[in-house]
Amino acid sequence: MSTGSDLSAHQADEGQHESLCARLPEAVNARLAELGCPLDERTQIQVLSRGLSNQNYHLTNADNQLVLRVNSQASSQISARDHEVANWRMAERQGIAPELVYVSPDNRFYLSRFIDTEEDWSRLMTANPAHPLQDECVTRPGAEVLLLDLLRGLGQLPLPENPISVTEQWLRYYRQLAQIAESLDTGGMPVSYLEPWHKRWLALKAHQGRVEAVLEQLNACELAPQYSHRDLNPHNLLVSQGKLWCIDYEYACSSHPLVDLASVLATHRLATEQRHRLILGYLNEHPKLNDKALAAIPCAMALYWYFAACWALLMASQGEGLLTRTVQKTVQHTVPQSVHQVQGESDASLPHSVSDYLQCFDDFMVLIA
């Protein structure tokens, strides 16, 4: 006999299956069935809720395990999905990324093989300023060795077909935000969000001179670009088979060789000695950096947080029905993409609220020393 709690859990599971199944196109549901994970009572669904922009689900049925990713429309408007898929497959061939087994024609839905992890790498997640404090606590012995192997593996991949220099990335973000700010001033956003958003935009604008100095120092140490994932935070890394695997390639491109090192240093809880070994190991005889690279690392970390702050403002401008037609057209005309959000619609696929993204902006800006 089922208890009341058992019945409630069963009803919740049924509701989750029905809700997810209803959201997916027939072709995606058919592919799931072909791969042994049909969306029925035989398949367990676990929400993987670490992402700030897309939604991920772990599907398990007997010996079959898949990850279903549902891309948010807002995120698709600031990243080119065709490039993401190409760069993911490039890393997959190198044995750095899980196998991507299906991509929907509109690039909205991905299916990939689930990787069983040996430990939870996300416990190393932290937020370090450009000049991290001395920290002798070793959270994960040998973490720097695995990270160095991963960085070297990424750096050896062929150059992606979407080159984006750090200067170009800043200009893209800045122009998008400036145009959105102008559009919002015409009355498209409720005052409750307009004023907080605009206040943060003005705060970012005030840093423009600092950003230009950071870019100048970074450009002075680069000899050539390389494959760059651009967001190697611990939530995007998995430990399996004694090595690190990367997920989430939506910002991968050909870019500055310090970009990936900076994202690791900015987001990983490493002891001071571990950071030193990682930095020196990465810079040692690096073919695409000169002797000015070591001094430029704090600039690379600061730029990582500047870009994160820009991203947070862009995401905040697109949630909860805040985009006007003008703002949507601004984003669509300035960012290459394969799927556009329908004009005038809110992005219900965003997993967080406008307030959440504005708080992210505040948190990121604090880290820019």
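**Exercises on helix packing and aromatic pairs**

At 7% relative accessibility, Tyr173 counts as buried. The model behind these exercises is a predicted one.

**Exercise 1.** Determine which kind of aromatic pair Tyr173 and Phe307 form, and where the two residues lie.

*Solution.* Step 1: the ring centres of Tyr173 and Phe307 are 5.7 Å apart, with 65° between the planes. Step 2: plane angles over 60 degrees count as edge-to-face, and this is the class of the Tyr173 and Phe307 pair. Step 3: Tyr173 belongs to helix α6 and Phe307 to helix α11 (residues 293–316), so the pair links distant parts of the chain, 134 residues apart. Step 4: Phe307 has 14% relative accessibility and counts as buried.

**Exercise 2.** Classify the ring pair of Trp170 and Tyr174, and state whether each residue is buried or exposed.

*Solution.* Step 1: the structure contains nine aromatic pairs. Step 2: in the pair of Trp170 and Tyr174, the centres are 5.5 Å apart and the planes stand at 45°, so the pair is tilted. Step 3: both residues are located in helix α6 (residues 166–188), four residues apart, which is about one turn of the helix. Step 4: buried means under 20% relative accessible area; Trp170, at 2%, is buried, and Tyr174, at 16%, is buried as well. Step 5: ring pairs join Trp170 and Tyr174 with Trp201 and Tyr306 in a cluster.

**Exercise 3.** Describe how helix α9 and helix α10 are oriented, and which classes of residue form their contact.

*Solution.* Step 1: α9 (residues 259–267) and α10 (residues 272–283) pack at an angle of about 175°, and their axes are 12 Å apart. Step 2: angles over 145 degrees count as roughly antiparallel, and α9 is therefore roughly antiparallel to α10. Step 3: from α9, Leu261, Val264 and Leu265 meet Arg275, Leu278, Ile279 and Tyr282 of α10. Step 4: sorted by class, this contact of α9 with α10 has six nonpolar residues, one charged residue and no polar residues.

**Exercise 4.** State which residue lies over the face of Trp245, and at what distance from the ring centre.

*Solution.* The residue is Lys243, at 4.3 Å from the ring centre of Trp245.

Key:
Residues are numbered from 1 along each chain as its sequence is written. This is a predicted model: local features need pLDDT of at least 70, side-chain atom pairs count only at pLDDT 80 or more; totals for chains, interfaces and linings use all residues. Side-chain values use heavy atoms; hydrogens and water are left out. Axes are lines fitted to C-alpha atoms, for helices over the stretch in contact, and angles run from 0 to 180 degrees between N-to-C directions. Angles under 35 degrees count as roughly parallel, over 145 as roughly antiparallel, 65 to 115 as roughly perpendicular and the rest as oblique. Contact means heavy atoms within 4.5 Å. Ala, Val, Leu, Ile, Met, Phe, Trp, Tyr, Cys and Pro count as nonpolar, Asp, Glu, Lys and Arg as charged, and the others, Gly among them, as polar. Rings of Phe, Tyr and Trp (its six-membered ring) pair if their centres lie within 6.5 Å; planes under 30 degrees apart count as stacked, over 60 as edge-to-face and the rest as tilted. Buried means under 20% relative accessible area, exposed over 50%, partly exposed in between (1.4 Å probe, protein chains only). A charge sits over a ring if NZ of Lys or CZ of Arg is within 6 Å of the ring centre and within 35 degrees of the ring normal.
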